[in-house]
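Colleague: Please put the model up. Then let us go through some backbone details and the chain contacts.

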Amino acid sequence: MKNRHALTHPVEFKPIDLLAVAASREVTDGDVVFAGTGLPMLAIGLAQLTGAPNAVCIYEAGSVDGHPISLPTSVGDARCIYQASIASGLFDVFNQLQRGLVDLAFLGGAEVDRYGNVNTTGMGTYGIVPEKRLTGSGGNSDINGLAKKTVFIMVQEKRRFKEKVDFITSPGWKIPKWPGGEIVDKKEVYNNAFRGGPEAVITNMGVFRFDENGEMYLSTYHPGSSVEEIQANCGFEVNVSRVQGETPPPTYGELDYLYNTIDPEGIFLS
Amino acid sequence: MAPPKQMNLKDAIAQIQDGDMLTFSGFTIWRRPMAAVYELIRQGRKDLHLVEVNGGTHSDLLIGAGCVKIWESCWIGHELFGKIGANLARKAEAGEVVIEDYSHLQILYRMAAGSMGVPYLPTYASLGTDILNPKYDHLGQMGLRDGSHPKIPMKKYEVVKDPFYGGELIHVPAVNPDWCIAHVQMIGEGGTVRVDGQVYSDEEAIKASDNVIVVAEQVVTEEYIRREPTRNLVAGHQITSIVELPWGAHPTGCFGCYETDGSFINKFFTRTRTQEGLDAWVQEWIHDIPDFNAYLEKVGIETLETIRANPAFGYSTKIKRGTRA
């Protein structure tokens, strides 16, 4: 039996495993975490089994601090409320978000820019007749606006990491102030409800963070990837002046939890 | 108010007129009134205006079948079983359906305001996004906010100064749909509604609507449902019509009763990426079938027994979900 705390080697884990593990390491013990469907569910489950046993998970459909013994496939799943403190509804959990109770949230997106503005609404020209319609905001925009910290999990592709996203669905650090639309700091728009914003973007190639000016920089690259590969798969020039080296790979214990405790059925980890 | 009438699905749905504004119970692929949606399509309803807290399989189907003119919401898809609402995307990209985007919290507050009887609610939700870009106020761009449409507010939203503590936020307008169609686990003969599991945004959707059709897994006596009033969500005087129809949310899930039929939804998603595919699906699963009992026979007892919920958990312990178990 290998030491559970020992780091695995690149051939021993899949990219998706590292995404889940890196995301789970963003959780601080005691955090109130808003999680969406898919990888975020793996991340919060793993965090609760490792460094953050007292983290509270809220699912958008209306469940608080559930302890599923069977992995939910969506946030509305009946599984979410097993041993939950409350099964409620959207009005309860979104009000908690607006009230400032959410420390951390995991989100996704189709496109992102250097300020953490994310698009999940439409690609190309948007309008009454859109060029290519996506799912829409869901709670992404509300959560990114009102949680203290958000972490995005995304696919690293040049067409997804853009100088300017086609539609700002979800507000990053520099955003339009309506009705005029001038681009200003998030703080100026959110005023009394400002409490933070995007903290990290985790992709299949690396982990990005945001500097004092709300601009994205590369923090670590995953084992097997490189600064060069990441720049080649990014539509804007990445700040690489703060790269700390490789993202620590999963430990044997983390992989064991992911495959044998959290997702033994192979729903997301096929 | 007159007490709600119990009726069959066909007669209940026949009350809804072309052009009416509709909303629904549930969340994405959970507790959606699917049988009612099939019936709306069977009856050929047109020009519906959907305002829903979020979309899912039910609305993507209704839109694909050509029943809808305007969709106001924040999200549509089939979760793990279909990554986008491909029917809405196709119809919108063809200019046949107009989308009005709100964020989840914003549209929830629109429904909540409607349920409270106030004209708007303040919120900080999704400030600084293109959802608030005047260019994407589609109903406004189309001249529909001129006050002549009683269900369409004269503004999409309004930026306001907080008059009490300073700062700035927005008001979002109330919405009062003509109809809410809700699928729930249990209703009393007098209309007392009980929802088990997450209530999603059912309370706001039901209470905001002018008329409510409740499709229930079971209709029970009022005496029974009133033994535990703390478990009940809405009183009978806010309900218009009652339909008893077990499995009526299939293929979406219903807490405590049955699981989401993910395989069915995934096949729907895969087959209906094109209009031809959608038309063939509607022909096979709606027009070629006389009623919901025949639909359930086509789904098959084996599937229904597999997705039936285990009472210890509220979900099925028999369904195969992943690739390894």
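**Backbone and interface**

Modeller: A:Q83 counts as exposed, with 9 C-beta neighbours inside 10 Å; exposed means 12 or fewer other C-beta atoms within 10 Å of its own, buried 20 or more, partly exposed in between, with C-beta atoms placed from the backbone. This is a predicted model: local features need pLDDT of at least 70, side-chain atom pairs count only at pLDDT 80 or more, and totals for chains, interfaces and linings use all residues. Residues are numbered from 1 along each chain as its sequence is written, while chains are lettered from A and ligands numbered from 1 in the order in which they are written.

Colleague: What is phi of A:Q83 near?

Modeller: A:Q83 sits in the loop between β3 (63-64) and β4 (86-87) of chain A. Strands are DSSP runs of E, at least two residues, and helices runs of H or I, at least four, numbered from the N terminus. The residue is not glycine, yet phi is positive, near 55 degrees.

Colleague: Is B:S126 buried or exposed?

Modeller: B:S126 is in the loop between β6 (120-123) and α6 of chain B. Its phi is positive too, near 55 degrees. Because 32 other C-beta atoms lie within 10 Å, B:S126 is buried.

Colleague: How many residues of the side of chain B that touches chain A are nonpolar?

Modeller: Contact means C-beta atoms, placed from the backbone, within 7 Å. By that rule, 66 residues of chain B meet 58 residues of chain A. Nonpolar covers Ala, Val, Leu, Ile, Met, Phe, Trp, Tyr, Cys and Pro; charged covers Asp, Glu, Lys and Arg; the others, Gly among them, are polar. On the chain B side, 10 are charged, 24 polar and 32 nonpolar.

Note on methods
Contact = placed C-beta atoms within 7 Å.
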